[in-house]
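Subject: Structure handover

Hello,

Here is the structure, with the sequence alongside. My notes on it follow below.

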Amino acid sequence: MSTSPTLGLLLAGGLARRMGGGDKPLRTIAGRSILAHVIERLAPQCYGLLVNANGDPARFAGYGLPVVADSVPDFAGPLAGILAGLDWMAAHRPESEWLVSVAADTPFIPDDLVARLHAARDAQGVSLACAASGGWTHPVIGLWPVRLRADLRHALTVEDERKIDRWTARHGCVSAEWPVTPVDPFFNANKPEDLDEAERLFATLPPA
């Protein structure tokens, strides 16, 4: 299955209120940060990775990745992070067309994420694709063409749009479904007890 060259965006810009604040992706499970697990799984699928985070970027310096902050103020949500990634790509990788975004607190991202999102989009002839599992769509985990960045900026800054689903519906978005056994690949750690659950789930997986 051929896949268009795609840049990976790790969305780490949330406020983590349910986790008690701080950076969820830097919490540790199975001996490493959640972000390290995400990087390990996504890096082979992309030609490069980028972190979206607000505040002091130095806290991510150990990962050796570019860090971009939202250009839309007041924590405007995941769409602002996606726009920041698309803007960075347009400036630094102008030959590229595609960005894949993942939440940086999802340590079980599947190794066929990018290929299957591209395949789903191609099959339906639409501009956008997102992941789904267990009957739920995960719009933050999706595929974005850089050609839509001006429209996205207008939606965020002029229309005050914050809902991913409403914006993607304008352009056509198809979901690609993954099974939830043995582990939901889009499990994310939102609360402190989710860290314990992630530890348990790691123990059930076969060695890499």
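Strand E7 and strand E8 (residues 136–145) run antiparallel and are joined by five bridges; helices (H or I, at least four residues) and strands (E, at least two) are DSSP runs, numbered from the N terminus, and two strands pair if DSSP finds at least two bridges between them. Within this pairing, alanine 132 has threonine 137 of E8 as its bridge partner. Two residues separate the strands of the E7 and E8 hairpin, where glycine 134 takes a positive phi near 55°.

Before the rest, some ground rules. This is a predicted model, in which local features need pLDDT of at least 70 and side-chain atom pairs count only at pLDDT 80 or more, while totals for chains, interfaces and linings use all residues. Residues are numbered from 1 along each chain as its sequence is written, and side-chain values use heavy atoms, with hydrogens and water left out.

E7 also pairs with strand E9 (residues 173–178): the two run parallel, with six bridges between them. Is E7 (residues 128–133) mostly covered or mostly open? Mostly covered: six of its six residues are buried, where buried means under 20% relative accessible area, exposed over 50%, and partly exposed in between (1.4 Å probe, protein chains only). Leu128, Cys130 and Ala132 point one way from the strand, and Ala129, Ala131 and Ser133 point the other way, all of them buried.

Threonine 6 is in strand E1 and is buried, at 2% relative accessibility. Its side chain has a polar contact of 2.8 Å with the side chain of histidine 118. A polar contact here is a pair of N or O atoms within 3.5 Å; within protein, one must be able to donate a hydrogen and the other to accept it, and residues adjacent in sequence count only if both atoms are side-chain atoms. A polar atom of the threonine 6 side chain also lies 2.6 Å from the backbone oxygen of serine 4. Leaving out residues up to four places away in sequence, threonine 6 touches Cys46, Tyr47, Gly48, Trp98, Leu99, Val100, Val114, His118 and Leu143, contact meaning heavy atoms within 4.5 Å.

Next, the charged pairs. A salt bridge is a side-chain nitrogen of Lys or Arg within 4 Å of a carboxyl oxygen of Asp or Glu, and by this rule there are ten. One of them joins the side chains of aspartate 105 and lysine 24, at 2.7 Å from N to O. Aspartate 105 sits in the loop between strand E6 (98–103) and helix H3 (113–124) and lysine 24 in the loop between strand E1 (6–11) and strand E2 (28–29), so this pair ties together parts that are 81 residues apart in sequence. Aspartate 105 is buried, with a relative accessible area of 5%, and lysine 24 counts as buried too, at 16%.

Arginine 32 and glutamate 40 form a salt bridge whose closest N and O atoms are 3.0 Å apart. Arginine 32 is partly exposed at 34% relative accessible area, as is glutamate 40 at 48%.

Glutamate 159 and arginine 170 form a further salt bridge, at 2.4 Å from N to O. Glutamate 159 is in the loop between helix H4 (149–157) and helix H5 (164–171), and arginine 170 is in H5, eleven residues apart. Both ends are partly exposed, glutamate 159 with a relative accessible area of 38% and arginine 170 with 39%. Elsewhere, salt bridges that share partners join Asp87, Arg149 and Arg153 into one network.

Helix H2 (residues 78–92) and H4 pack at an angle of about 145° with their axes 10 Å apart; axes are lines fitted to C-alpha atoms, for helices over the stretch in contact, and angles run from 0 to 180 degrees between N-to-C directions.

Last, a loop residue: aspartate 56 lies between strand E4 (48–52) and strand E5 (67–68). Its side chain reaches the backbone nitrogen of alanine 58 at 2.9 Å.

Regards
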